[in-house]
Amino acid sequence: MRRFKKHLSSSQIIIIAFAALILLGALLLTFPWATQDRQGAPFVDALFTATSAVCVTGLVVQDTATYWSGFGQLVILALIQIGGMGVVTLAVAITRLSGKKISLKQRSTMQESISAHKVGGIVRLTGFIIKMVIIFELLGALLMAPVFCKEVGFIKGIWYAVFHSVSAFCNAGFDLMGLKTPYSSLTHFVHHPVINITIMSLIVIGGIGFITWDDIKTNKCRFRRYRMQSKVILATTALLIFLPAVYFFFFEFADIQTKERIWSSLFQSVTTRTAGFNTVDLTQLSEISLALMIILMLVGGSPGSTAGGMKTTTLAVMLSTALSVFRKKEHTHFFGRRVSGDTVRDAATIFMMYLTLFLLGGGIISQVEEIPLSTCLYETASAIGTVGLSLGITPQLGTVSQVVLILLMYIGRVGGLTLIFSALSGYQGNTARLPQEKLTVG
């Protein structure tokens, strides 16, 4: 076994670890005491739920509050926490606490798992991540506990506060509001400032990435000293929150008061890219708004964060590259720094991969289920972006469509390039260069 592990690349370790955790979670959810009726969940439903939890997506085929027992909900929460932090991060933390030496291989895997730029200082960064996760999730739970205790009682209120805090920070989108109305998410708290602010804050903090946290801790408000990656992430995240919120405010929710409209617009802008909670009925939104949400879901969060999607940096590189071409500039650049050609090619590859899988998955589900393509594309964007928003069709999907969504969620969480690098590990490309010839595009 030890010899086998030595031959695995970092990419292979990551995808195997996630797959193993999903299978373990699915097995636990099939146990009789995991469901309210004590019958246990069918394996496909358990596998779908475990994948959604580990991949911090939030798509469900059974309402979390009414179908799963306390044990089942605890398993789901544990899967969300491990999946959000990263299997590798938790493994390194446990190794460190046990006093064992962390090998170079483990450091390298950890580096790839959180998208760090170098191996040096990776163990210190792991400790910092664990501390920040505990602090933010506890703070979120403390802020929401009085609200939930008033709603459902003290003991259950504490559990609700912890569950939703972890789910929001890990950008998972799982909720326990089904006791009011099944699959209702946070629509009962659409105008509640404490729930709105806390959930949105946790989503954003979890979605900007561990490396950005480290930059903020080290350099405080001295933005100029931040790494270029952190600057790009923070600037892109701010724009992707502000601009859609403005659109939602002026073109949606016309039937509610201004203050409530602001909360609804801002919440949907924040949650759409990463988390999957919703405070409004999504089926009532216009087709243009749903299309905008699909784009936001495909973008997702930032590298090395609890969020999925093709990432904010990928979008930023694609837009900056296009702008450089328009201005006839040779290189893509941000904040006075040039981006390498390899990064541009990686961004283009990721963009095409997500777009292809999103369209292919939507087409398959539409054909199999005989549902309008636009509705299916919303679900596939939510799956591959690991968001969790739904127009309500997921619980009614057949086995083939569920498998499609499971694969999309898995690819969206571990990353398309990680899977490719894993498959091609050990392959040595041909260094010979073919003759060059002019090709006109556009």
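Trainee: Which residue just after α10 takes a positive phi?
Mentor: Gly209 does, at about 100 degrees. This is a predicted model, where local features need pLDDT of at least 70, side-chain atom pairs count only at pLDDT 80 or more, and totals for chains, interfaces and linings use all residues. Residues are numbered from 1 along each chain as its sequence is written, and side-chain values use heavy atoms, without hydrogens and water.

Trainee: How far apart are the end C-alpha atoms of α10?
Mentor: Helix α10, residues 193–207, has its end C-alpha atoms 21 Å apart. That agrees with the 21 Å its 15 residues should span, taking 1.5 Å times one less than the number of residues. Helices (H or I, at least four residues) and strands (E, at least two) are DSSP runs, numbered from the N terminus.

Trainee: Which residues of α10 are buried?
Mentor: Among them are Ile195, Asn196, Ile199, Leu202 and Gly206. Buried is under 20% relative accessible area, exposed over 50%, partly exposed in between, with a 1.4 Å probe and protein chains only.

Trainee: Switching topic, what is phi of Val56?
Mentor: Near 40 degrees, positive in a residue other than glycine. Val56 sits in the loop between α3 (43–54) and α4 (64–67).

Trainee: Is Val56 buried or exposed?
Mentor: Val56 counts as buried because its relative accessibility is 0%.

Trainee: And what about phi of Phe335?
Mentor: Phe335 has a positive phi near 50 degrees, and is likewise a residue other than glycine. The loop between β1 (333–334) and β2 (337–338) holds Phe335. Its relative accessibility is 43%, so Phe335 counts as partly exposed.

Trainee: Where does Arg225 lie?
Mentor: In the loop between α11 (210–219) and α12 (228–251). Arg225 is exposed, with a relative accessible area of 56%.
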